[in-house]
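Biologist: Please show me the model, and let us then discuss how its parts are arranged.

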Protein chains: 2
Amino acid sequence: MGGAGLVTIDWGTTNRRIFALDGAGEVISREADALGVTAVRPGGFPGMMHALRATHGDRLFLLAGMIGSNRGWIEVPYLPCPVTLADLAEQLAWVEPGRTAIVPGACVSGTGRVDVMRGEEVQMLGAAAAGLVPPDAGLCHPGTHAKWAQLKGGALVDFRTVMTGELFALLRTHSILAAQMDRPVVDGEAFRDGVQHGFFERALTADLFGTRAQILLGRLQPQDAASYVSGLLIGADVAIGLEIVPAGPVALIGDPALTRLYGAALDHIGRDYREIDGEQAFLAGIRAIAEKLA
Amino acid sequence: MGGAGLVTIDWGTTNRRIFALDGAGEVISREADALGVTAVRPGGFPGMMHALRATHGDRLFLLAGMIGSNRGWIEVPYLPCPVTLADLAEQLAWVEPGRTAIVPGACVSGTGRVDVMRGEEVQMLGAAAAGLVPPDAGLCHPGTHAKWAQLKGGALVDFRTVMTGELFALLRTHSILAAQMDRPVVDGEAFRDGVQHGFFERALTADLFGTRAQILLGRLQPQDAASYVSGLLIGADVAIGLEIVPAGPVALIGDPALTRLYGAALDHIGRDYREIDGEQAFLAGIRAIAEKLA
């Protein structure tokens, strides 16, 4: 870390989290707001940085996440797996030379399946750098687009994205099931029944309509619909994700409300897991990148 | 058929089709409009029937479809499989005694998987009654909620619903893929590549995000996104449906734009199919029900 410390922003689509670190890498301030990249007008990022420097001083800024996408400040190329923290440090995109850099995302490319990630790579590689997971580990970051990843020797070697959170939101807001999906999701019998179907049957689009059929025929209480559908989607997600993480415990990183549900699903199918603090992992990744710049 | 003929309405959620038949069962008029059950105010059906009788005369009216649902005129219980046209005729719900009846829907119940259907049962059983399919046949009715069904000895013995059309509409209208899904779906390389993934991988929620990853990495042209996603969903649908129709040709009934795509998907995976005229099948089913009343 530089003597002056740094500021890092986990800058997502709809939200951002801002952390100021001192020269020893300790957090001296943290903020979160709704100024995700889609809330910023085109060309608005330099002005935003000016405001941020007025608050935090003229220090190194390291930005990660969707800020490096085609909806962000500039589009930073994805680094193909395997990717290490050293690779991210070497390939930083300096939007303000020597002062402000964007961390690149990662991709799976080659001749077969392809995938992309922006932001989670810092958390996942940071988890290993901080010793929160071993250098060879399987991770899952639930969310709008859940990410399952495999680390080997501390490098990100493969990952896969599952559109679980986005589909759940679409179904709850706009589908024929919307009226019944008005209760919070809880880990109970309906959720686990959904996990069972979603994980083992691999027939999600039929099971989704089955939710409605079960309600109409009195087999499912309407108030359990959100939990059942969440279970179906998470069960299907876990079935796909475990192809990326075939053995060992799954390290769950991210929003505790979500990691708890994924933990319940993994528990239901008899797979070990542990929950990892996403902020701690993110900051460890950023510190490691900053150290490689020194 | 009675000497005075009858009027039948295939009365769905958002549309209805009205056919007047003469005493010999020939169609003497056909209309379609957007007065589906959700366009009718609560308690509005008797007044609508009054208007229909003013147009068509005081004849027998047989109504099928969502008119018998909890959003329709009255909720008519589903008949559990196996279901025949004779069962439908015996269990008509007479909303205006001797004059207007609603055809019940069908359900799969019992201890395992459950499912429900309203309207397609008349078409499917009618297809067998008219000789459009043999008494033992596998059928698929694509749509918002695609229905796959098995007939044995002219009876509907099992079926399964897949939420394909609804999910496609949600993704095209509201998802992160919406901006790219603005072109019409065509049967081409992108569609068949989607079918291949959807049918064989059984990882739909990952393949949906994969659509975005492929576009970002230059592997899929944005203008092909709608066709690729349609292929994914129809491929997954066919994989589920063929568990209901394990052997023999699949009889595709319904909207020709959809049956053509399902035909292309079945062709891609090497399964025989034929396309059946849905109107002809529906009217054959209604005629057979009317004959059993005589």
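Predicted model: local features only at pLDDT ≥ 70, side-chain atom pairs only at ≥ 80, totals over all residues.

Biologist: How far apart do the C-alpha centres of domain 1 and domain 2 of chain A lie?

Modeller: In chain A, domain 1 covers 6–132 + 280–293 and domain 2 covers 162–276; such bounds come from an automatic or database domain assignment. The separation of their C-alpha centres is 31 Å.

Biologist: Which element gives the most to the side of chain B that touches chain A?

Modeller: Chain B and chain A each bring 35 residues to the contact, where C-beta atoms, placed from the backbone, lie within 7 Å. Elements of chain B giving two or more residues include β12 (155–162), α4 (164–174), α6 (204–216) and α7 (225–241); helices (H or I, at least four residues) and strands (E, at least two) are DSSP runs, numbered from the N terminus. With nine residues, the element that gives the most is α6(B).

Biologist: How is α3(B) oriented to α9(B)?

Modeller: Helix α3 (residues 120–129) and helix α9 (residues 278–293) of chain B have axes 7 Å apart and an angle of about 85 degrees. Axes are lines fitted to C-alpha atoms, for helices over the stretch in contact, and angles run from 0 to 180 degrees between N-to-C directions. Because 65 to 115 degrees counts as such, α3(B) and α9(B) are roughly perpendicular.

How values were computed: Residues numbered from 1 in each chain as written. Chains lettered and ligands numbered in written order. Contact = placed C-beta atoms within 7 Å. Parallel < 35°, antiparallel > 145°, perpendicular 65-115°, else oblique.
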